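I opened my notebook for a friendly first look at this structure.

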Amino acid sequence: MKVYDKLIFEISKPGRRGYQLPADKFDTDGFAEIPGALLRQTPAALPEVSELDVVRHYTNLSAKNFGVDTGFYPLGSCTMKYNPKINEELAAMPEFAGLHPLQDPRSAQGALELYWNLQRALSSLAGLAEFTLNPYAGAHGELTGLMVMRSYHMQRGDLKRTKVIVPDTAHGTNPASAMVAGLEVVEVKSKPNGSIDVEDLRPLLDDTVAGIMMTNPNTLGMFETEIMEIAALVHEAGGLLYYDGANFNPLLGKVRPGDMGFDIMHINLHKTFSTPHGGGGPGAGPVGVAAHLTHLLPNPKVVRRDDGTFDIETSGECLGRVSTFFGNFGVLMKAYAYILSLGRDEIGKVGPMATLNANYIKESLRDLYKLPIEGHCKHEFVFDGLADKSTGVTTLNVAKRLLDFGFHAPTIYFPLLFHESMMIEPTESESLETLDEFIDVMRRVAHEAAETPDVVKNAPMTTIISHPDETGAAKNPILTYRDMLSAAN
Ligand SMILES: *Cc1c(COP(=O)(O)O)cnc(C)c1O
């Protein structure tokens, strides 16, 4: 192993220093104001390294990572689009980043105006009356939206409504959020073409149903063409419609969930509205509601007074709080900058371009990969592995082999409807040349699978780790360097 590939603690040498604080300012007397009981008695066990060691170590680490800034990242359901750097610069402006969430609203008028404007912009894109920007992520938005749904029924004294209908293709967070919100999950089946089976839905709709959760286009990238009928049926039965907005990208500026009959939705700003994600970084899951639900949105609320100034309000009628303050403000700023930089007309081109790119890849590969669902997809689609499965090369093998060619893998083994799912979402930001290169590599891997299957089965060869134990990493994480060293020895 190269020296800078090691743990930074392993390259530590006693006495080595990167930086010295001026002794006259930071001698023990300098800490006189800190109560003795809070002062550390023994030095922290930090690595002792030079500045050069630190720079090389982290620069080398960063180069081992894969990101949308290093290559094509067709991870289905995640909308890994390019995030313009100008948005980062704006979000880092000290005038905004330096604000304190408890400062007097009169001294934060610009930030509150931005907040209010973003709420309005999302409302107009979604066709819903009002948004809260407080939730921190998509799943958090789902929970908030389902709490709105539940409160709505409870406030009307309709206490029997405890069930939420969730399609069998739904993202795992949907049933999980419903459970956390104290609702019971009922599954509705999909038809062979991937859309909700209205005949299966009908008998589920009774006076115990609080609502239905849907994504449209659904997880298979197909638009639910019967949505108006589904909305009418659910509303007739007294339920509400929840829209999982993680798949909002292909509809942006063209189709509005509110017009399809949805009452509540969340938007993943870190998918559709250009915040880098994938490593678990900060996100935002604003929740929008139709007019009859606005009183339930959580505190705090940003409002505009008649004199044009902005203020913060809390109300006793709503859910209470779902976040400490106002959500992830930096992420909100990026979304706002993104929306303004595209403008009303350009934003309507995002969805069609994402849709065109997805269909282009699908049609260019369908002779070599199994396409379980025919027809025009929206922003993403699913292959059920290789068309020729006789050599035993799996979706996992293909995904690993793509890494050798510098492409991130698609989403694999989701949705669960097919055994060898491979979910591809190119987004609108990729050029024709990049798409063609990806198609060439996917074709090459399919040919390798037929001719030299072991090459694909043993991939990747170029990455430093090839087959990590993903479940073990999640269930038994090693979080300190000492544990890591003892695990290595
Ligand atoms: C990403 C995603 C979610 C969850 O969003 P997070 O921000 O990761 O919590 C929910 N539903 C769908 C369809 C998604 O793709």
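**Entry 1: the ligand.** Before I start, I note that a helix here is a DSSP run of H or I with at least four residues, and that helices are numbered from the N terminus. I also remind myself that this is a predicted model.

Which helices each supply at least two residues of the shell around the ligand? I found α5 (138-155) and α9 (269-272). The largest share of that shell comes from α5, with 3 residues.

I then looked up the residues that surround the ligand: S77, A137, G138, A139, E142, H171, T173, D244, A246, N268, H270 and K271.

- With A139, a backbone N or O atom lies 2.8 Å from an oxygen atom of the ligand.
- For N268, I looked at the side chain, where an N or O atom is 2.9 Å from a ligand oxygen.
- H270 also uses a side-chain N or O atom, and here the distance to an oxygen of the ligand is 2.6 Å.

How much of the ligand's accessible area does the protein cover? On its own the ligand has 390 Å², and the protein covers 86% of that.

**Entry 2: a sheet.** I moved on to an open sheet of 3 strands, and I wrote down its order as β10-β12-β11, with antiparallel pairing. Its edge strands are β10 and β11, each of which pairs on one side only.

I checked each pairing in turn. Strand β10 (residues 381-384) is joined to β12 by 4 bridges, and V382 has M423 as its bridge partner in β12. Strand β11 (residues 411-412) pairs with β12 over 2 bridges. There, T411 has M423 as its bridge partner.

Are the faces of strand β12 (residues 421-424) covered or open? I found both of them covered: S421 and M423 are buried on one side, and M422 and I424 are buried on the other.

**Entry 3: the loop between β11 and β12.** I stayed in this part of the chain and looked at Y413, which lies in the loop between β11 and β12. Y413 has a positive phi of about 60°, although it is not a glycine. Its relative accessible area is 31%, so I put Y413 down as partly exposed.

P415 is found in the loop between β11 and β12 too. A cis peptide bond joins F414 to P415, with omega at about 0°.

**Entry 4: another cis bond and another positive phi.** I noted a cis peptide bond between N299 and P300 as well, with an omega of about -10°. P300 sits in the loop between β7 (287-289) and β8 (301-304).

T79 is not a glycine, yet its phi is positive, at about 45°. I located T79 in the loop between α1 (51-64) and α2 (85-91). Is T79 buried or exposed? Its relative accessibility is 1%, so T79 counts as buried.

Entry 5: Helix α10 (residues 329-365) has 37 residues, and I compared its span with that of a straight helix. The end C-alpha atoms are only 41 Å apart, whereas a straight helix would reach 54 Å at 1.5 Å a residue. Where does α10 bend? I found a bend of about 100° at G343.

I picked out K362, which lies in this helix α10. Why does K362 count as buried? Its relative accessibility is 2%, and the cut-off for buried is under 20%. I also looked up K362 and I439, which are 77 residues apart in sequence, with their C-alpha atoms 9.2 Å apart in space.

**Entry 6: S124.** My last stop was S124, in helix α4 (residues 109-126). Since its relative accessibility is 40%, S124 counts as partly exposed. A polar atom of the S124 side chain lies 3.2 Å from the backbone oxygen of A121.

Technical notes
Residues are numbered from 1 along each chain as its sequence is written. This is a predicted model: local features need pLDDT of at least 70, side-chain atom pairs count only at pLDDT 80 or more; totals for chains, interfaces and linings use all residues. Side-chain values use heavy atoms; hydrogens and water are left out. Buried means under 20% relative accessible area, exposed over 50%, partly exposed in between (1.4 Å probe, protein chains only). Two strands pair if DSSP finds at least two bridges between them. The expected span of a helix is 1.5 Å times one less than its number of residues. The bend at a residue is the angle between axes fitted to the seven residues ending there and the seven starting there. A residue is near a molecule or strand if one of its heavy atoms lies within 4 Å of it. A polar contact is a pair of N or O atoms within 3.5 Å; within protein, one must be able to donate a hydrogen and the other to accept it, and residues adjacent in sequence count only if both atoms are side-chain atoms. Accessible areas come from the Shrake-Rupley method with a 1.4 Å probe; for residues, only the protein chains shown count as cover.
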